Amino acid sequence: MRLLWYKPRVPARIIDGKAVAQQVEREVLEVLAALPYRPGLVAVRVGNDPASEIYVRSKARKAQEIGLRGTELIFDAAMREADLLQEIDRLNHDDDVDGILVQLPLPRQIDPRKMIDAIDPAKDVDGFHPINVGRLHLGRATLVPCTPAGVMRLIDSTGIPIDGKRAVVVGRSDIVGKPMASLLLQRNATVTICHSRTYDLPSVTREADILVAAIGKPMTIGPEMVKRGAIVIDVGMNRVGREFADRLAHDEEKSRLLAKNGNALIGDVDYSRVREVAEWITPVPGGVGPMTIAMLMKNTVTAAQWRRR
Ligand code: NDP
């Protein structure tokens with residue numbers, strides 16, 4: 001008689017975004033210490049979008065904390081497009097400014113594409129300018145969008161080589177999905193991009209050794225969509241309320257948060273269930289989020305070095 005040995009599955013290991021972000025910050029500090037100047041970052045916000053307020057403030061604060069000159073520029077929600085263009089032009093010509101970012105979304109009267117196009121590509125620390133996007137897709141040195149650059153660092157932190165792996169990116173936005181796919185391709189992954197029109201999404205995601213979810217819809221990726229042993233990166237950040245209590249009932253920690261605060265921050269991945277299938281997984285919060293700001297600091301220092309050289 002053959003004895004079947006049942007080995008219980010160990011839940012996925014957690015990729016600690018805070019720890020990896022701190023490592024990136026230490027690297028930035030080392031570079032900064034050797035520079036004879038302090039690079040300057042200007043974060044521009046127009047209007048009073050509460051999420052933008054938090055993002056811009058935390059970016060400027062982090063910049064100051066690690067020794068950059070971080071400035072917040074805040075304008076009235078009624079600002080005219082031409083006036084913002086003029087401000088960007090002024091920052092482009094200010095030699096003390098190494099990095100400019102314009103926080104999105106912008107008020108209706110301002111076309112975000114015009115603003116992105118107006119930023120000097122050498123100061124475009126978000127990596128959204130068409131010249132930088134083109135350079136990224138051509139595999140040339142450039143300022144890489146912060147969130148996907150951060151995701152690459154998280155994947156590398158697992159020690160698992162990307163070369164030759166099947167990677168699936170769910171989401172095709174210009175700021176996350178597309179650059180993410182480009183970066184994975186550069187590292188010799190075989191890459192598939194999915195979106196809202198993808199037919200039979202689970203059959204595609206189940207092929208992924210590396211699965212990146214950048215959808216913006218809570219708990220879209222369930223365990224039945226994940227290959228055993230996969231690396232799962234959850235970019236999504238969704239604030240949900242008590243209407244999610246039933247769907248989160250199996251997740252003790254999130255249920256507790258929901259009951260206590262009336263809301264909880266969750267990702268695009270059903271974290272507690274997918275953890276039973278994947279090998280590595282990022283939590284929300286504490287995964288991709290901290291990496292975005294850390295990579296922005298890195299980009300600012302890189303932009304300063306390249307421009308001043
Ligand atoms: P977008 O809304 O710009 O893009 C979402 C993408 O997901 C689109 O390509 C859309 O497809 C696709 N999509 C939507 N629904 C489905 C579905 N049911 N199945 C498959 N694909 C779907 O979002 P972003 O890329 O800007 O952001 C994605 C998430 O990441 C958000 O939660 C955002 O908050 C978060 N984020 C987090 C950051 C961080 O620092 N942690 C930074 C940036 C973003 P289609 O193109 O067909 O519409």
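These legends describe close-up views of a predicted model.

**View 1. The two domains of the chain.**
The chain is divided into two parts: domain 1 covers residues 37-123, and domain 2 covers residues 146-290. Their centres, taken over C-alpha atoms, are separated by 29 Å.

**View 2. An open sheet of three strands.**
The strand order is β3-β2-β4, and the pairing is parallel. The edge strands are β3 (69-75) and β4 (99-102), each of which pairs on one side only. From one strand to the next, the twist averages 15°. Strands of a sheet pair through backbone hydrogen bonds, either parallel or antiparallel.

**View 3. Strand β2 beside strand β4.**
Strand β2 spans residues 40-46 and pairs with β4 in the parallel sense. How many bridges link β2 and β4? There are four bridges. To find your place, look for Ala 43, which stands opposite Leu 101 in β4.

**View 4. Two helices across the sheet.**
Helix α3 (residues 81-93) lies across β2, β3 and β4. Helix α3 runs at about 165° to β3. Helix α11 (residues 288-308) also lies across β2, β3 and β4. Helix α11 runs at about 120° to β2.

**View 5. Strand β7, covered on both faces.**
In a regular strand the side chains alternate between the two faces of the sheet. Strand β7 takes in residues 210-213. Which residues lie on each side of β7? Ile 210 and Val 212 are on one side, and Leu 211 and Ala 213 are on the other. Are these four side residues buried or exposed? All of them are buried, and both faces of β7 are covered.

**View 6. The partners of strand β7.**
Strand β5 (residues 166-170) pairs with β7 in the parallel sense, over four bridges. Strand β8 (residues 231-234) also pairs with β7 in the parallel sense, again over four bridges. Follow Ile 210 to link the strands. Ala 167 stands opposite Ile 210 in β7. Ile 210 in turn stands opposite Ile 231 in β8.

**View 7. The surroundings of the ligand.**
How many residues surround the ligand? There are 21, and the closest are Arg 172, Ser 173, Ser 196, Met 237 and Thr 292.

**View 8. Atom pairs at the ligand.**
Start with the side chain of Ser 173: one of its N or O atoms is 2.5 Å from an oxygen atom of the ligand. Two further residues use backbone atoms. For His 195, a backbone N or O atom lies 3.4 Å from a nitrogen atom of the ligand. For Val 235, a backbone N or O atom lies 3.5 Å from an oxygen atom of the ligand.

Note on methods. Residues are numbered from 1 along each chain as its sequence is written. This is a predicted model: local features need pLDDT of at least 70, side-chain atom pairs count only at pLDDT 80 or more; totals for chains, interfaces and linings use all residues. Side-chain values use heavy atoms; hydrogens and water are left out. Buried means under 20% relative accessible area, exposed over 50%, partly exposed in between (1.4 Å probe, protein chains only). Two strands pair if DSSP finds at least two bridges between them. Axes are lines fitted to C-alpha atoms, for helices over the stretch in contact, and angles run from 0 to 180 degrees between N-to-C directions. Contact means heavy atoms within 4.5 Å. Domain bounds come from an automatic or database domain assignment. A residue is near a molecule or strand if one of its heavy atoms lies within 4 Å of it. A polar contact is a pair of N or O atoms within 3.5 Å; within protein, one must be able to donate a hydrogen and the other to accept it, and residues adjacent in sequence count only if both atoms are side-chain atoms.
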